[in-house]
Amino acid sequence: MKALTIISVALLIMGATSCRSTQTSAYQSYETRCLGVEHDGTQTLLAWGEGSNKADAVEQARKNAVYDVIFNGITAGKDGCSAAPLLNIPNARERFQEYFDIFFLDGGEYQKFCSSADMRARSGEKEKYRQGEKRSITVRIDRQGLKKRLQDDGVLPK
């Protein structure tokens, strides 16, 4: 009888602990955030990207940072560094789809306007998935240079 009670209690404890959730992370916002604005007009941003490996995730994060500066604007992050999108035109992405498809190609022109000057070793966060990983990077965006390029290419009115 005593052995049956011990076994029952052990099974009850194992059953209760196996049902417990193992998820420990809190909600994570993957919105591009402003970390600061430099005197030359560049913005230092924290951006996220997803990819099948580290290199893909980092490149996607860089693209996302430039994309957000152009189309979405930066509203999250430090006070005083929020900025409206460069292209505040309805359906701008669709209107200039051919231009931006080429602009955002892997290794494309978007890279000329972002640098990893503020990136520190092991400073980014990462999350691993079965299909790949999601990483954050710190990137500096040349907002003025990007604006001039879009104006010169006829995408942004002067």
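Rings of Phe, Tyr and Trp (for Trp, its six-membered ring) pair if their centres lie within 6.5 Å, and planes under 30 degrees apart count as stacked, over 60 as edge-to-face and the rest as tilted. This is a predicted model, in which local features need pLDDT of at least 70 and side-chain atom pairs count only at pLDDT 80 or more, while totals for chains, interfaces and linings use all residues. Residues are numbered from 1 along each chain as its sequence is written, and side-chain values use heavy atoms, with hydrogens and water left out.

**View 1. The aromatic cluster.** One aromatic cluster is formed by Tyr 67, Phe 71, Tyr 99, Phe 100, Phe 103, Phe 104, Tyr 110 and Phe 113. The structure holds ten aromatic pairs, and among them is the edge-to-face pair of Tyr 99 and Phe 100, at 5.0 Å centre to centre and 85 degrees between the planes.

**View 2. Phe 100 and Phe 103.** The ring centres of Phe 100 and Phe 103 lie 6.1 Å apart with the planes at 85 degrees, so this pair is edge-to-face. Both residues are buried (under 20% relative accessible area, with exposed over 50% and partly exposed in between, for a 1.4 Å probe and protein chains only).

**View 3. Contacts of Ile 70.** Leaving aside residues up to four places away in sequence, Ile 70 touches Pro 85, Leu 86, Leu 87, Phe 100, Phe 103, Phe 104, Leu 146 and Leu 150, where contact means heavy atoms within 4.5 Å.
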